[in-house]
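The stops below can be selected one after another.

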Amino acid sequence: MLTRLRQQFSTNLAIDLGTTSTRIGLPGEGIRLDEPSVVAVGRGHSSVIGRGAAVGKLAHQMLGRTPEGIRAVRPIAHGVISDFELTEAMLRYFLQKATGRSFGLRPRAVIAIPGCITAVEKRAVINSAERAGTGKIWLIEKARAAAIGAGLPISEPLASMVCDIGGGTTEVAVMSLGDSVANRSIRTAGDLMDRAIVRYLRRRYSLRIGDQTAEQLKLQIGSAAALDHELSHEVSGLDTASGIPRKAMITSEEVREALADPLQEVVDCIRGTIEQCQPELIADLADTGLVLTGGGAQLRGIDRYLNQHLGIPVRVIESPRTTVTRGAMICLDHLEQWQGRLDSGN
Ligand SMILES: Nc1ncnc2c1ncn2[C@@H]1O[C@H](COP(=O)(O)OP(=O)(O)OP(=O)(O)O)[C@@H](O)[C@H]1O
């Protein structure tokens, strides 16, 4: 009786603790929080400045621009917790912001995690979420949550394939009869694409730019396949030869060249996942194809590029950044059905 009352009155939360962004959804209410996974801390200290409020959007504006005495930190690296205390402080702030109150009964949460995570890293997610204020926790792999959020018919005896390209990891899974039959997770994703652009400009133009500028360049003119109308964008950086600031006009063809290696790694990851499947499932994939989710799925022409390299239909889901959170919300809505397939960390 007490358990049922608890279930009735405690909030349910779907959490995507992402490398670049954290999203929190409440079943029936939608996505309530979508903020950068960044905190600002005092140099030499491990506590968040602004009485714990320099988190998310506010802290993100400081990335790469902090004065002496302040550091803007991303406590999640490649989908796993790299700083336990800061993750806990960030999550506590986000949970209160998403639920709009200090919760009495601890909310139950389904948290999306990368497929490549170790048992110790899983424990760190559970511990920091518990310490931040959640109650019962279930973990779900991001690729599975993405497939559910994308509405793929994963319970049917038919192969459905999803690829979630995030900031820190690319997750690929082939699902059939409700379970993953093949999956791979690599640490090549949006962040490494930004770094590839940084390296390219340094090599080609002797121009040093920051990760944030590289990301802007990717968002403004980045593409995986040729564009009908190629684009260009001006960037400012440091001329490494003269040591003075300089501007350069960069074209979309150049950014595409810079992104060639990380994109090839994504192709290899998807190919490797397909190769793990039985022939019947591979035959299904020729028809059902690949669904792309995650922020990286918004790269111009990535569906065309993957179709050319894999020879199967590829489509980008609508609102790809929030597909994982939506999938976790669906699991919470049908917890009875999903509970047995989620990892409760025990
Ligand atoms: N239009 C776009 N073109 C290319 N990349 C984009 C675009 N929009 C967002 N991205 C990239 O998507 C990445 C963030 O994706 P997402 O929010 O799904 O990641 P995350 O959930 O925080 O990370 P992860 O799942 O890896 O832990 C960033 O690298 C960002 O630059």
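Two strands count as paired here if DSSP finds at least two bridges between them. Strand E1 (residues 12–17) and E2 meet that condition, pairing in the antiparallel sense over four bridges. Keep in mind throughout that this is a predicted model.

**Stop 1**

Select E1 and E2 together. A hairpin of three residues connects E1 to E2.

Leucine 26 faces glycine 30 in E3. The hairpin of E2 and E3 has three residues between the strands, and glycine 28 there takes a positive phi near 90°. Is E2 mostly covered or mostly open? Five of the six residues of E2 are buried, so the strand is mostly covered.

**Stop 1**

At the E9 end, strand E8 (residues 108–113) and E9 run parallel and are joined by five bridges. Alanine 112 has isoleucine 140 as its bridge partner in E9.

**Stop 3**

Keep helix H5 (residues 142–149) selected. This helix also lies across E10, E11, E12 and E16, running at about 60° to E11. Those strands belong to another open sheet of five strands, in the order E12-E11-E10-E16-E17, and the pairing is again mixed. Here strand E12 (179–186) and strand E17 (314–316) stand at the edges; each has a single partner strand, so one side of each lacks a neighbour in the sheet. The twist averages 20° from one strand to the next.

Zoom in on strand E16 (residues 290–293) and E17. The two run parallel, joined by three bridges. Leucine 290 has valine 314 as its bridge partner in E17.

**Stop 1: the ligand**

Select the ligand and the residues around it. How many residues surround the ligand? There are 24, and the closest are Gly18, Gly166, Gly190, Gly295 and Gln298. Helix H6 (190–205) and H7 are the elements that give two or more residues to this shell. H7 gives the most, with three residues. Colouring the shell by residue class shows three nonpolar, 15 polar and six charged residues.

**Stop 2: the annotated positions**

Select Gly167, Gly168, Thr169, Glu215, Gln216, Leu217 and Lys218, where UniProt, in an unreviewed entry, places the feature "binding site". Two of these positions are worth a separate look.

Glycine 168 is in the loop between strand E10 (160–165) and strand E11 (170–176). Is glycine 168 buried or exposed? It is buried, because 21 other C-beta atoms lie within 10 Å and the cut-off is 20 or more. Beyond residues up to four places away in sequence, glycine 168 touches Thr19, Ala77, His78, Gly79, Arg187, Ala189 and Asp191.

Lysine 218 lies in helix H7 (residues 211–221). Lysine 218 is buried too, with 23 other C-beta atoms within 10 Å. Its contacts, leaving aside neighbours within four places in sequence, are Met193, Asp194, Ile197 and Val255.

**Stop 3: arginine 300**

Finish at arginine 300, in the loop between E16 and helix H11 (302–310). Arginine 300 is buried, as 20 other C-beta atoms lie within 10 Å. Which residues does arginine 300 touch, not counting those up to four places away in sequence? They are Gly222, Ser223, Ala224 and Leu227.

Methods: Residues numbered from 1 in each chain as written. Predicted model: local features only at pLDDT ≥ 70, side-chain atom pairs only at ≥ 80, totals over all residues. UniProt positions renumbered as here; feature names shortened; annotations may be inferred. Buried ≥ 20, exposed ≤ 12 C-beta atoms within 10 Å, placed from the backbone. Contact = placed C-beta atoms within 7 Å. Near = placed C-beta within 6 Å. Nonpolar A, V, L, I, M, F, W, Y, C, P; charged D, E, K, R; others polar. Axes fitted to C-alpha atoms, helices over the stretch in contact; angles between N-to-C directions.
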